[in-house]
Amino acid sequence: MAPRVKALANPALITWARETAGFTAAEAAKRLGIDEERLAAWEDAATDDAPSIPQLRKIAMLFKRPLAVFFMADPPEGFAVMRDLRRLPGTGARRYSPALQMEIRAANERRELALELATDLEEELPKFNLAATIQEDPEEVGARIRTALGVTAQLQARWRDNDGRAGFNAWRSRIEHVGALVFQTTRFPTEEASGFAIAGDTLPIIAVNRNDALTRRTFSLVHELAHVMARISGVSDLETDANRPPEDQRIEVFCNRVAAAALIPKDALLTDPRVVARGSRSTNWSDAEVVELARQFNVSREALLRRLLTFDRTSAEFYAKKRAQYIAEYLANKAHQKELSADTEMKLNMPQETVSNFGRPFIRMLLGNYYQDRITLSEVSGYLGLKVKHIPKLEQAAGLR
(Lines give C-alpha, C1' and ligand atoms only; values in the text may rest on other atoms or scores of the structure.)
Protein backbone atom coordinates (compact mmCIF):
# COMPACT_ATOMS: atom_id res chain seq x y z
CA MET A 1 0.00 0.00 0.00
CA ALA A 2 1.36 3.40 -0.93
CA PRO A 3 2.16 5.62 2.06
CA ARG A 4 -0.33 8.33 2.85
CA VAL A 5 0.73 11.70 1.45
CA LYS A 6 0.44 14.37 4.11
CA ALA A 7 -0.67 17.88 3.27
CA LEU A 8 1.89 20.53 4.12
CA ALA A 9 -0.79 22.62 5.79
CA ASN A 10 -0.01 25.30 8.36
CA PRO A 11 -1.32 24.00 11.73
CA ALA A 12 -2.13 27.56 12.81
CA LEU A 13 -4.41 27.94 9.80
CA ILE A 14 -6.37 24.83 10.76
CA THR A 15 -6.94 26.29 14.23
CA TRP A 16 -7.88 29.67 12.77
CA ALA A 17 -10.33 28.14 10.30
CA ARG A 18 -11.97 26.05 13.01
CA GLU A 19 -12.34 28.89 15.47
CA THR A 20 -13.61 31.40 12.92
CA ALA A 21 -16.19 28.83 11.80
CA GLY A 22 -17.48 28.58 15.37
CA PHE A 23 -16.50 24.97 16.11
CA THR A 24 -15.00 23.66 19.33
CA ALA A 25 -12.27 21.06 18.90
CA ALA A 26 -14.67 18.34 20.06
CA GLU A 27 -17.40 19.38 17.60
CA ALA A 28 -14.98 19.61 14.69
CA ALA A 29 -13.37 16.25 15.42
CA LYS A 30 -16.77 14.58 15.53
CA ARG A 31 -17.83 16.11 12.21
CA LEU A 32 -14.49 15.09 10.64
CA GLY A 33 -14.79 11.52 11.91
CA ILE A 34 -11.56 11.61 13.93
CA ASP A 35 -10.74 11.73 17.63
CA GLU A 36 -10.01 15.02 19.32
CA GLU A 37 -6.39 14.05 20.00
CA ARG A 38 -5.74 13.64 16.28
CA LEU A 39 -7.18 17.08 15.52
CA ALA A 40 -5.10 18.59 18.34
CA ALA A 41 -1.98 17.06 16.76
CA TRP A 42 -2.88 18.55 13.37
CA GLU A 43 -3.22 21.97 15.00
CA ASP A 44 0.07 21.65 16.90
CA ALA A 45 3.16 22.89 15.03
CA ALA A 46 5.37 20.92 17.42
CA THR A 47 4.15 17.56 16.09
CA ASP A 48 4.90 15.86 12.80
CA ASP A 49 1.31 14.75 12.33
CA ALA A 50 -0.72 16.32 9.54
CA PRO A 51 -3.90 15.56 7.61
CA SER A 52 -3.79 13.89 4.23
CA ILE A 53 -4.92 15.82 1.16
CA PRO A 54 -8.42 14.22 1.25
CA GLN A 55 -8.67 14.97 4.97
CA LEU A 56 -7.64 18.59 4.37
CA ARG A 57 -10.31 18.88 1.69
CA LYS A 58 -12.84 17.64 4.25
CA ILE A 59 -11.57 20.25 6.73
CA ALA A 60 -11.87 23.00 4.11
CA MET A 61 -15.43 21.93 3.29
CA LEU A 62 -16.49 21.83 6.95
CA PHE A 63 -15.03 25.23 7.78
CA LYS A 64 -16.12 26.79 4.46
CA ARG A 65 -12.61 27.93 3.47
CA PRO A 66 -10.70 27.57 0.20
CA LEU A 67 -8.18 24.73 0.28
CA ALA A 68 -5.35 27.13 -0.58
CA VAL A 69 -5.84 29.14 2.62
CA PHE A 70 -4.36 26.31 4.71
CA PHE A 71 -0.98 26.71 3.02
CA MET A 72 -0.60 30.40 3.88
CA ALA A 73 2.08 31.54 6.30
CA ASP A 74 -0.37 33.56 8.42
CA PRO A 75 -4.13 33.77 8.79
CA PRO A 76 -5.63 36.26 6.32
CA GLU A 77 -6.73 39.58 7.71
CA GLY A 78 -10.38 40.22 7.21
CA PHE A 79 -13.65 40.75 8.96
CA ALA A 80 -13.21 40.25 12.69
CA VAL A 81 -15.74 38.56 14.94
CA MET A 82 -18.23 41.14 16.14
CA ARG A 83 -19.02 42.18 19.64
CA ASP A 84 -21.34 39.73 21.36
CA LEU A 85 -23.98 41.74 23.16
CA ARG A 86 -25.49 38.59 24.65
CA ARG A 87 -22.51 37.68 26.85
CA LEU A 88 -22.84 37.25 30.61
CA PRO A 89 -20.68 39.13 33.13
CA GLY A 90 -17.63 37.25 34.32
CA THR A 91 -17.83 34.60 31.60
CA GLY A 92 -16.18 36.40 28.69
CA ALA A 93 -17.64 36.40 25.22
CA ARG A 94 -20.15 33.66 24.50
CA ARG A 95 -19.26 31.42 21.59
CA TYR A 96 -21.10 31.87 18.33
CA SER A 97 -22.58 28.67 16.94
CA PRO A 98 -21.21 27.56 13.56
CA ALA A 99 -24.55 28.52 11.99
CA LEU A 100 -24.48 32.06 13.38
CA GLN A 101 -20.79 32.43 12.58
CA MET A 102 -21.38 31.38 8.97
CA GLU A 103 -24.31 33.77 8.63
CA ILE A 104 -22.22 36.71 9.83
CA ARG A 105 -19.45 35.81 7.41
CA ALA A 106 -21.90 35.37 4.55
CA ALA A 107 -23.54 38.74 5.25
CA ASN A 108 -20.19 40.52 5.29
CA GLU A 109 -19.14 38.78 2.06
CA ARG A 110 -22.36 39.95 0.42
CA ARG A 111 -21.58 43.49 1.51
CA GLU A 112 -18.08 43.27 0.00
CA LEU A 113 -19.61 41.85 -3.18
CA ALA A 114 -22.19 44.65 -3.32
CA LEU A 115 -19.44 47.26 -3.03
CA GLU A 116 -17.59 45.60 -5.92
CA LEU A 117 -20.75 45.35 -8.01
CA ALA A 118 -21.50 49.04 -7.50
CA THR A 119 -17.94 49.92 -8.56
CA ASP A 120 -18.27 47.78 -11.69
CA LEU A 121 -21.54 49.54 -12.54
CA GLU A 122 -19.84 52.90 -11.89
CA GLU A 123 -22.65 53.54 -9.46
CA GLU A 124 -22.01 55.90 -6.56
CA LEU A 125 -23.59 54.41 -3.48
CA PRO A 126 -25.29 56.77 -1.05
CA LYS A 127 -23.61 57.32 2.27
CA PHE A 128 -25.52 56.05 5.27
CA ASN A 129 -26.03 59.38 7.00
CA LEU A 130 -28.33 58.43 9.86
CA ALA A 131 -26.38 58.70 13.09
CA ALA A 132 -26.91 58.62 16.83
CA THR A 133 -25.00 58.22 20.06
CA ILE A 134 -26.11 56.20 23.06
CA GLN A 135 -25.89 59.37 25.16
CA GLU A 136 -28.88 60.82 23.29
CA ASP A 137 -32.51 60.67 24.37
CA PRO A 138 -33.97 57.53 22.71
CA GLU A 139 -37.27 59.35 22.20
CA GLU A 140 -35.52 61.99 20.10
CA VAL A 141 -33.62 59.37 18.11
CA GLY A 142 -36.84 57.46 17.46
CA ALA A 143 -38.54 60.63 16.21
CA ARG A 144 -35.53 61.32 13.98
CA ILE A 145 -35.85 57.87 12.45
CA ARG A 146 -39.52 58.46 11.62
CA THR A 147 -38.70 61.80 10.00
CA ALA A 148 -35.79 60.39 8.00
CA LEU A 149 -37.86 57.44 6.77
CA GLY A 150 -40.97 59.51 6.11
CA VAL A 151 -43.15 57.50 8.49
CA THR A 152 -46.26 59.28 9.72
CA ALA A 153 -49.09 58.09 11.92
CA GLN A 154 -51.45 58.10 8.92
CA LEU A 155 -49.03 56.05 6.84
CA GLN A 156 -48.37 53.58 9.63
CA ALA A 157 -52.10 53.08 10.13
CA ARG A 158 -52.39 51.99 6.48
CA TRP A 159 -49.92 49.15 7.15
CA ARG A 160 -52.28 47.58 9.66
CA ASP A 161 -52.92 43.86 9.02
CA ASN A 162 -53.35 40.64 10.97
CA ASP A 163 -49.79 39.33 11.08
CA GLY A 164 -47.58 42.43 10.72
CA ARG A 165 -46.24 41.62 7.25
CA ALA A 166 -47.22 44.96 5.72
CA GLY A 167 -45.50 46.87 8.51
CA PHE A 168 -42.32 44.82 8.32
CA ASN A 169 -42.04 45.18 4.56
CA ALA A 170 -42.72 48.92 4.70
CA TRP A 171 -40.13 49.63 7.42
CA ARG A 172 -37.61 47.40 5.64
CA SER A 173 -38.10 49.16 2.30
CA ARG A 174 -37.56 52.57 3.85
CA ILE A 175 -34.45 51.46 5.73
CA GLU A 176 -33.03 49.99 2.52
CA HIS A 177 -33.83 53.26 0.75
CA VAL A 178 -31.53 55.23 3.09
CA GLY A 179 -28.59 52.98 2.22
CA ALA A 180 -28.64 49.85 4.40
CA LEU A 181 -28.69 46.24 3.25
CA VAL A 182 -31.34 44.22 5.09
CA PHE A 183 -31.08 40.44 5.12
CA GLN A 184 -33.20 37.75 6.72
CA THR A 185 -31.78 34.49 8.00
CA THR A 186 -33.13 31.16 9.18
CA ARG A 187 -29.83 29.44 9.99
CA PHE A 188 -29.78 30.02 13.74
CA PRO A 189 -32.58 29.77 16.32
CA THR A 190 -34.25 32.79 17.88
CA GLU A 191 -33.02 31.59 21.27
CA GLU A 192 -29.46 32.31 20.13
CA ALA A 193 -29.98 35.75 18.60
CA SER A 194 -32.70 37.97 17.17
CA GLY A 195 -30.31 39.53 14.67
CA PHE A 196 -27.05 41.32 14.14
CA ALA A 197 -25.70 44.55 12.70
CA ILE A 198 -22.52 45.33 10.78
CA ALA A 199 -21.95 49.08 10.92
CA GLY A 200 -20.39 51.12 8.13
CA ASP A 201 -20.67 54.49 6.45
CA THR A 202 -21.67 52.72 3.22
CA LEU A 203 -24.01 49.73 2.98
CA PRO A 204 -24.26 48.86 6.67
CA ILE A 205 -25.88 45.48 7.23
CA ILE A 206 -28.96 44.69 9.25
CA ALA A 207 -29.86 41.02 9.60
CA VAL A 208 -32.98 39.78 11.35
CA ASN A 209 -33.95 36.27 12.30
CA ARG A 210 -36.71 35.03 10.04
CA ASN A 211 -37.66 32.40 12.60
CA ASP A 212 -39.24 35.20 14.66
CA ALA A 213 -42.81 36.40 14.24
CA LEU A 214 -43.18 39.32 11.84
CA THR A 215 -43.97 41.91 14.51
CA ARG A 216 -40.91 40.85 16.49
CA ARG A 217 -38.84 41.03 13.31
CA THR A 218 -40.00 44.60 12.80
CA PHE A 219 -38.81 45.49 16.28
CA SER A 220 -35.48 43.72 15.60
CA LEU A 221 -35.18 45.63 12.34
CA VAL A 222 -35.39 49.02 14.04
CA HIS A 223 -33.30 47.82 17.00
CA GLU A 224 -30.48 46.90 14.60
CA LEU A 225 -31.01 50.19 12.76
CA ALA A 226 -30.20 51.92 16.05
CA HIS A 227 -27.00 49.84 16.20
CA VAL A 228 -25.79 50.95 12.78
CA MET A 229 -26.78 54.55 13.52
CA ALA A 230 -24.57 54.38 16.61
CA ARG A 231 -21.86 52.65 14.51
CA ILE A 232 -21.85 49.66 16.89
CA SER A 233 -21.62 46.28 15.19
CA GLY A 234 -22.75 43.27 17.15
CA VAL A 235 -24.92 40.22 17.66
CA SER A 236 -27.84 40.89 19.95
CA ASP A 237 -31.17 39.76 21.23
CA LEU A 238 -34.14 41.79 22.40
CA GLU A 239 -34.12 40.66 26.01
CA THR A 240 -32.53 43.20 28.34
CA ASP A 241 -31.78 42.25 31.91
CA ALA A 242 -29.09 42.65 34.53
CA ASN A 243 -27.16 39.59 33.37
CA ARG A 244 -24.90 41.58 31.07
CA PRO A 245 -21.83 43.74 31.52
CA PRO A 246 -23.06 47.30 32.24
CA GLU A 247 -21.76 48.74 28.96
CA ASP A 248 -23.45 46.06 26.86
CA GLN A 249 -26.63 46.42 28.89
CA ARG A 250 -26.62 50.14 28.20
CA ILE A 251 -26.25 49.63 24.44
CA GLU A 252 -29.08 47.10 24.22
CA VAL A 253 -31.43 49.12 26.41
CA PHE A 254 -30.75 52.19 24.25
CA CYS A 255 -31.46 50.31 21.01
CA ASN A 256 -34.65 48.80 22.43
CA ARG A 257 -35.87 52.20 23.57
CA VAL A 258 -35.09 53.76 20.20
CA ALA A 259 -37.01 50.99 18.43
CA ALA A 260 -39.97 51.45 20.76
CA ALA A 261 -39.95 55.22 20.25
CA ALA A 262 -39.78 54.90 16.46
CA LEU A 263 -42.50 52.27 16.21
CA ILE A 264 -44.81 53.57 18.95
CA PRO A 265 -44.44 57.36 19.22
CA LYS A 266 -45.14 58.69 22.69
CA ASP A 267 -47.64 61.35 21.65
CA ALA A 268 -49.58 59.01 19.36
CA LEU A 269 -49.87 56.42 22.12
CA LEU A 270 -50.75 58.72 25.00
CA THR A 271 -53.38 60.64 23.03
CA ASP A 272 -55.11 57.50 21.81
CA PRO A 273 -58.67 57.58 23.27
CA ARG A 274 -58.33 54.04 24.63
CA VAL A 275 -55.17 54.93 26.51
CA VAL A 276 -56.63 58.20 27.78
CA ALA A 277 -59.71 56.36 29.05
CA ARG A 278 -57.65 53.84 31.03
CA GLY A 279 -55.64 56.39 32.97
CA SER A 280 -52.56 55.52 35.01
CA ARG A 281 -51.36 52.04 35.99
CA SER A 282 -54.37 50.26 34.60
CA THR A 283 -54.49 46.48 35.04
CA ASN A 284 -57.77 46.13 33.17
CA TRP A 285 -56.41 46.00 29.65
CA SER A 286 -58.30 43.29 27.79
CA ASP A 287 -56.55 41.04 25.28
CA ALA A 288 -58.72 42.53 22.52
CA GLU A 289 -57.69 46.08 23.39
CA VAL A 290 -54.00 45.18 23.47
CA VAL A 291 -54.30 43.39 20.11
CA GLU A 292 -56.02 46.38 18.50
CA LEU A 293 -53.46 48.86 19.78
CA ALA A 294 -50.57 46.61 18.77
CA ARG A 295 -51.95 46.29 15.23
CA GLN A 296 -52.28 50.05 14.97
CA PHE A 297 -48.51 50.37 15.44
CA ASN A 298 -47.51 47.11 13.66
CA VAL A 299 -45.88 45.73 16.81
CA SER A 300 -46.25 42.72 19.09
CA ARG A 301 -48.55 42.71 22.08
CA GLU A 302 -45.54 42.57 24.38
CA ALA A 303 -43.90 45.60 22.76
CA LEU A 304 -47.13 47.55 23.11
CA LEU A 305 -47.57 46.65 26.77
CA ARG A 306 -43.94 47.46 27.49
CA ARG A 307 -44.49 50.92 26.01
CA LEU A 308 -47.58 51.38 28.19
CA LEU A 309 -45.48 50.41 31.19
CA THR A 310 -42.81 52.94 30.22
CA PHE A 311 -45.39 55.73 30.48
CA ASP A 312 -47.04 54.38 33.64
CA ARG A 313 -50.19 53.28 31.83
CA THR A 314 -50.03 49.78 33.30
CA SER A 315 -48.25 48.05 36.19
CA ALA A 316 -45.08 45.98 36.22
CA GLU A 317 -47.03 43.06 37.67
CA PHE A 318 -49.62 43.17 34.88
CA TYR A 319 -46.91 43.40 32.23
CA ALA A 320 -45.04 40.43 33.71
CA LYS A 321 -48.23 38.34 33.86
CA LYS A 322 -49.19 39.09 30.25
CA ARG A 323 -45.63 38.56 29.03
CA ALA A 324 -45.64 35.08 30.57
CA GLN A 325 -48.96 34.44 28.83
CA TYR A 326 -47.58 35.56 25.45
CA ILE A 327 -44.47 33.39 25.82
CA ALA A 328 -46.59 30.34 26.66
CA GLU A 329 -48.83 31.01 23.66
CA TYR A 330 -45.81 31.47 21.41
CA LEU A 331 -44.24 28.17 22.50
CA ALA A 332 -47.53 26.31 22.06
CA ASN A 333 -48.01 27.78 18.60
CA LYS A 334 -44.41 26.99 17.66
CA ALA A 335 -44.90 23.35 18.67
CA HIS A 336 -48.15 23.23 16.69
CA GLN A 337 -46.51 24.69 13.59
CA LYS A 338 -43.71 22.14 13.89
CA GLU A 339 -46.25 19.34 13.91
CA LEU A 340 -48.04 20.78 10.89
CA SER A 341 -44.81 21.19 8.92
CA ALA A 342 -43.87 17.61 9.68
CA ASP A 343 -47.19 16.40 8.25
CA THR A 344 -47.39 18.86 5.34
CA GLU A 345 -44.81 19.41 2.63
CA MET A 346 -44.52 23.13 2.04
CA LYS A 347 -43.89 24.19 -1.54
CA LEU A 348 -41.90 27.42 -1.45
CA ASN A 349 -41.98 30.22 -3.98
CA MET A 350 -38.20 30.35 -4.39
CA PRO A 351 -37.96 33.72 -6.22
CA GLN A 352 -40.04 35.38 -3.52
CA GLU A 353 -38.09 33.59 -0.78
CA THR A 354 -34.87 34.89 -2.33
CA VAL A 355 -36.16 38.48 -2.32
CA SER A 356 -37.25 38.08 1.31
CA ASN A 357 -33.86 36.78 2.40
CA PHE A 358 -31.49 38.95 0.33
CA GLY A 359 -33.51 42.14 -0.19
CA ARG A 360 -34.24 44.01 -3.42
CA PRO A 361 -31.17 46.32 -3.43
CA PHE A 362 -28.67 43.44 -3.36
CA ILE A 363 -30.58 41.46 -5.98
CA ARG A 364 -30.87 44.50 -8.27
CA MET A 365 -27.11 45.04 -8.05
CA LEU A 366 -26.50 41.44 -9.09
CA LEU A 367 -28.96 41.54 -11.95
CA GLY A 368 -27.73 44.97 -13.04
CA ASN A 369 -24.23 43.57 -13.47
CA TYR A 370 -25.65 40.56 -15.31
CA TYR A 371 -27.54 42.81 -17.72
CA GLN A 372 -24.27 44.58 -18.55
CA ASP A 373 -22.47 41.24 -19.10
CA ARG A 374 -20.16 41.82 -16.13
CA ILE A 375 -21.17 38.57 -14.42
CA THR A 376 -22.79 35.42 -15.77
CA LEU A 377 -26.22 34.02 -15.07
CA SER A 378 -24.47 31.10 -13.40
CA GLU A 379 -22.70 33.51 -11.04
CA VAL A 380 -25.99 35.21 -10.16
CA SER A 381 -27.43 31.78 -9.44
CA GLY A 382 -24.46 30.87 -7.27
CA TYR A 383 -24.46 34.07 -5.22
CA LEU A 384 -28.15 33.67 -4.43
CA GLY A 385 -28.30 29.88 -4.15
CA LEU A 386 -31.14 29.96 -6.68
CA LYS A 387 -31.54 27.76 -9.75
CA VAL A 388 -31.10 29.51 -13.09
CA LYS A 389 -34.62 28.56 -14.14
CA HIS A 390 -36.02 30.80 -11.38
CA ILE A 391 -34.19 33.98 -12.49
CA PRO A 392 -37.01 35.32 -14.77
CA LYS A 393 -39.50 35.11 -11.90
CA LEU A 394 -36.89 36.60 -9.56
CA GLU A 395 -36.75 39.66 -11.83
CA GLN A 396 -40.50 40.05 -11.40
CA ALA A 397 -40.37 39.53 -7.65
CA ALA A 398 -37.59 42.13 -7.35
CA GLY A 399 -39.62 44.66 -9.38
CA LEU A 400 -37.34 44.64 -12.42
CA ARG A 401 -39.89 43.39 -14.96
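Start with the charged surface. Select Lys 347, Lys 387, Lys 389 and Lys 393: together they form a positive surface patch. Keep in mind that this is a predicted model.

Now centre on Lys 387. This residue sits in the loop between helix H18 (377-384) and helix H19 (391-397). Its relative accessible area is 56%, so Lys 387 is exposed, the cut-off being over 50%.

**Loop residues with positive phi**

Most residues other than glycine have a negative phi.

Select Arg 281. Its phi is positive, about 50°, although Arg 281 is not a glycine. Look for Arg 281 in the loop between helix H12 (273-278) and helix H13 (287-296). Is Arg 281 buried or exposed? With 57% relative accessibility, Arg 281 counts as exposed.

Next, pick Asp 373. Here too phi is positive in a residue other than glycine, with a value near 60°. Asp 373 belongs to the loop between helix H17 (360-371) and H18. Asp 373 counts as exposed, at 70% relative accessibility.

**Aromatic rings**

Turn to the rings. How many aromatic pairs does the structure hold? There are five.

Show Trp 159 and Trp 171. They make an edge-to-face pair, with 6.0 Å from centre to centre and 75° between the planes. This pair links distant parts of the chain, 12 residues apart. Trp 159 is in the loop between helix H7 (153-158) and helix H8 (165-177), while Trp 171 is in helix H8. Both Trp 159 and Trp 171 are buried.

Move on to Tyr 370 and Tyr 371. Their ring centres are 5.9 Å apart and their planes meet at 50°, so this pair is tilted. Tyr 370 is partly exposed, with a relative accessible area of 25%. Tyr 371 also counts as partly exposed, at 41% relative accessibility.

One more ring stop: select Phe 183, Phe 358 and Phe 362. Ring pairs link these residues into a cluster.

**Salt bridges**

Side chains of opposite charge can pair when their charged atoms come close. A search of the whole structure finds 21 salt bridges.

Select Glu 43 and Arg 18. They form a salt bridge, and their closest N and O atoms are 2.7 Å apart. The pair links distant parts of the chain, 25 residues apart. Glu 43 lies in the loop between helix H3 (36-42) and helix H4 (53-63), and Arg 18 lies in helix H1 (residues 11-20). Glu 43 and Arg 18 are both buried.

Then show Arg 307 with Glu 139. Their side chains meet in a salt bridge of 2.8 Å, N to O. Arg 307 is in helix H14 (residues 301-310) and Glu 139 is in helix H6 (residues 138-149), so the pair ties together parts that are 168 residues apart in sequence. Colour by accessibility here. Arg 307 is buried, with a relative accessible area of 3%, whereas Glu 139 is partly exposed, at 27%.

Go next to Asp 163 and Arg 165. The closest N and O atoms of this salt bridge are 3.8 Å apart. Asp 163 is partly exposed, with a relative accessible area of 40%. Arg 165 is partly exposed as well, with 43%.

Last stop: select Glu 103, Arg 110 and Arg 187. Salt bridges that share partners join these residues into one network.

Definitions and conventions
Residues numbered from 1 in each chain as written. Predicted model: local features only at pLDDT ≥ 70, side-chain atom pairs only at ≥ 80, totals over all residues. Heavy atoms only, no water. Patch = residues over 30% accessible without salt bridge, like charges linked within 9 Å, V, L, I, M, F, W, Y side chains within 5 Å. Areas by Shrake-Rupley, 256 points an atom, 1.4 Å probe, with all protein chains shown as cover. Salt bridge = Lys/Arg side-chain N within 4 Å of Asp/Glu carboxyl O. Lys, Arg positive; Asp, Glu negative; His and termini not counted. Charge placed at Lys NZ, Arg CZ, Asp CG, Glu CD. Helix = DSSP H or I, 4+ residues; strand = E, 2+ residues; numbered from the N terminus. Buried < 20%, exposed > 50% of the residue type's maximum accessible area, 1.4 Å probe, protein only. Phe/Tyr/Trp six-rings, centres within 6.5 Å; stacked < 30°, edge-to-face > 60°.
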